[in-house]
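Dear colleague,

I am passing on the structure below, and I would ask you to keep it open while you read the notes that follow.

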Amino acid sequence: MTSAITAGTRLSLFALPTQLLSQLTSEAPVSVVTEPLVSSLVEADSDGRGFSCGTCGVSVFESVEQQRAHFRSLWHSTNVKRRLLKKDTLGEQDFEQQQLDHNSSTNNENSESENESDEDGSEEQGAEQAPVDDDSHDLLAQNQGSPFVAFALKDWPTLAVFVLKQVLFNKKDAMTVSLKDELVRLQHPQPTPSQTPKWTLIMFSAGHFAAAVFEASAPTVYKNNTSSPPVVIEHKTFHRYTTRRKQGGAQSANDNSKGKANSAGSNLRRHNEMMLQQDIQNLLEQWAPHIQSSSRIFIRCPPRNARKTVFFNEQLLSSTDPRVRGYPFITNRPTITELTRAFTELSTVYIREYSPPQPKETLSGAPNSPATQLKSLSVSASESNGQQQQQQQQQQRQPEEPFPKLLDFCKRNKFDLFRKEVESKHASTEIPTLINTTLDYTHGTTLLHVSSASGSHEIVAYLLSVGADPTIREAEGKGRPAYALAETKEVRDAFRRAYAEDLELHKEPRFDWVGGALVPSPLTKELEAQQKEKEREKKKKQKQKQKESLEQRNKELAEAAAAREVVEAKKRAEEEEKAERAKKANVFSKLAKSEREAIGMTPERRMQLDREKRALAAEARFRAQQGKCSNCAKLLTPAATFEKFQYKYCSTDCVKNQLVLHN
């Protein structure tokens with residue numbers, strides 16, 4: 001089994017070979033501070049291609065795998081966050097020193113709290129937290145600044161076993177845990193059903209919640225060298241709308257900072273936050289048996305929500321529980337897939353190559369990094385040697401006059417005050433030496449660097465005109481010239497104008513503008529005039545386009561208004577015609593039948609109709625006088641006689657048939 005141990009091997013944390021465990025030792029020094037940061041956890045693949053990282057200033061990686069490993073490192077993620085906050089990025093040595101300083105301060109705080117607890121007389125607690133053997137302490141000291149703990153191997157001096165720190169111990173228990181014994185306790189190659197070891201993983205961020213209980217056992221390895229996925233005992237995810245879109249931050253955080261808003265969206269987000277919190281609490285209470293039996297609990301949760309959401313019940317889960325850990329790497333949106341990936345990363349052991357650490361002076365020969373230097377003005381090599389420079393750093397001196405004022409004027413773009421301060425107190429021959437003085441990296445390298453980064457284009461143009469060297473680069477960090485720090489077009493144009501003036505005044509340029517200063521091209525007066533003319537033409541075309549667009553819009557509006565007017569006029573005409581017809585129909589209904597029949601007749605036809613009516617009336621009256629029906633001339637009986645006006649009828653039908661006499 002031991003013969004198969006090679007660099008690049010990945011093993012399960014829960015089923016390490018017995019031969020490998022017997023080989024673990026902490027006596028040999030292991031340099032792991034830089035390995036996880038850059039690329040040592042990934043096998044080298046010298047394919048000859050150039051891969052770099054502009055954020056951290058790493059010029060070349062040997063392979064794309066090394067570049068990807070660097071992008072996943074804590075060093076790169078820290079520099080990305082600093083860049084978003086508009087802070088200077090840290091070099092590799094600076095980051096290492098910062099991590100060491102942070103760990104030492106944390107250890108000091110923990111030691112002070114332990115001393116206070118000892119003074120209170122808790123003898124039992126002191127006995128339980130007795131420090132372990134010195135080997136574990138040495139191993140922790142060697143691995144500060146890295147998320148991994150490295151164990152050297154006795155028979156393989158060039159190999160080491162890397163395990164994530166958070167898996168082996170909690171920060172509070174770092175000095176009371178035997179790392180090797182803790183690693184042995186995690187071995188569960190074949191758990192029994194009654195005693196299944198468990199790990200609980202919880203993630204909560206931006207309205208997304210995911211939790212899962214995994215079986216802490218080694219995966220099954222198949223014949224084709226593939227392994228089974230982690231065994232998930234329980235899992236659950238929630239999602240509610242609690243984050244303000246395109247603005248970031250939860251609604252409760254916005255209420256605390258800006259006051260409580262009263263809108264439909266804010267009320268919905270507050271309700272969703274309350275319901276999501278209730279759902280999470282109910283889930284954790286249901287999972288109480290799993291949580292109590294879990295040997296490790298990894299939690300990712302915003303601090304402002306942790307107490308209300310996760311640690312709401314101290315008996316169920318407490319923030320002081322030694323099983324509670326954080327994730328030692330960057331995680332994505334909480335999902336079951338992300339939880340599975342995190343569990344796989346946490347339960348993986350790496351075997352990688354390493355070399356014993358050496359003092360930093362022998363590695364690079366460079367002076368201490370800016371993170372360890374005090375804020376003082378570094379002088380030139382001719383004025384002081386390295387020992388005097390270290391003494392000045394220890395004295396914590398601020399930049400000498402007139403640099404404090406000049407730096408302030410550069411940052412606030414006070415050109416008149418800057419020029420007055422320089423010209424009134426220094427001769428013209430001293431100005432180039434003054435402005436090219438190299439300051440400490442924490443102050444901005446040179447005045448040209450500070451003014452370029454601050455967007456002070458007038459001060460940049462003035463400094464270049466009086467002899468500022470644009471090729472001076474940062475002593476530490478990325479080694480950028482002043483032009484590379486410019487963020488505005490005005491500042492970049494100032495460098496390009498100075499480049500053009502240098503070409504006009506001298507046969508050969510005084511500085512290496514392209515290679516040293518990284519200025520792409522000169523900006524001559526003719527070229528600037530062409531750019532202005534082009535800008536004017538562009539603005540003219542834009543105005544013409546806006547004018548045409550406005551005219552087209554007005555034309556469309558006029559056509560639409562005319563069309564609406566036509567439709568409205570037609571509608572009004574129809575309504576008037578309809579009203580006129582209704583009026584005529586109402587008058588016609590009030591006319592008698594004879595009047596309605598007479599409408600449209602000629603006078604002769606109307607006279608003829610009147611004569612016929614009079615003849616019928618006379619005949620009807622004559623019949624009525626004889627006791628006969630005025631319509632059918634039938635004899636009338638007293639029981640069946642109907643009268644209307646002066647006429648008499650034998651039935652109702654005869655009355656209807658003789659209506660012409662009734663009108």
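**Salt bridges and an open sheet**

In this predicted model, Arg497 is partly exposed, with a relative accessible area of 31%. The side chain of Arg497 meets that of Glu528 in a salt bridge, with 2.9 Å from N to O. This pair links distant parts of the chain, since Arg497 lies in helix H21 (residues 489-505) and Glu528 in helix H22 (residues 525-589), 31 residues apart. Glu528, for its part, is buried, at a relative accessible area of 17%, where the cut-off for buried is under 20%.

The structure holds 12 salt bridges, and another of them joins Asp279 to Arg240, with the closest N and O atoms 3.4 Å apart. Asp279 belongs to helix H10 (residues 264-286), while Arg240 sits in the loop between strand S9 (232-239) and helix H9 (251-258), so the pair ties together parts that are 39 residues apart in sequence. Arg240 is partly exposed, with a relative accessible area of 26%.

Turning to the strands, 5 of them form an open sheet in the order S1-S12-S6-S5-S2, and the pairing is antiparallel. Strands S1 (9-12) and S2 (24-25) stand at the edges with a single partner strand each, so one side of each is left without a neighbour in the sheet. S1 pairs with strand S12 (residues 348-353) over 4 bridges, and Arg10 stands opposite Tyr350 in S12. Helix H13 (residues 336-346) lies across strand S6 (159-164) and S12, and runs at about 50 degrees to S12.

Conventions: Residues are numbered from 1 along each chain as its sequence is written. This is a predicted model: local features need pLDDT of at least 70, side-chain atom pairs count only at pLDDT 80 or more; totals for chains, interfaces and linings use all residues. Side-chain values use heavy atoms; hydrogens and water are left out. Two strands pair if DSSP finds at least two bridges between them. Helices (H or I, at least four residues) and strands (E, at least two) are DSSP runs, numbered from the N terminus. Contact means heavy atoms within 4.5 Å. Axes are lines fitted to C-alpha atoms, for helices over the stretch in contact, and angles run from 0 to 180 degrees between N-to-C directions. A salt bridge is a side-chain nitrogen of Lys or Arg within 4 Å of a carboxyl oxygen of Asp or Glu. Buried means under 20% relative accessible area, exposed over 50%, partly exposed in between (1.4 Å probe, protein chains only).
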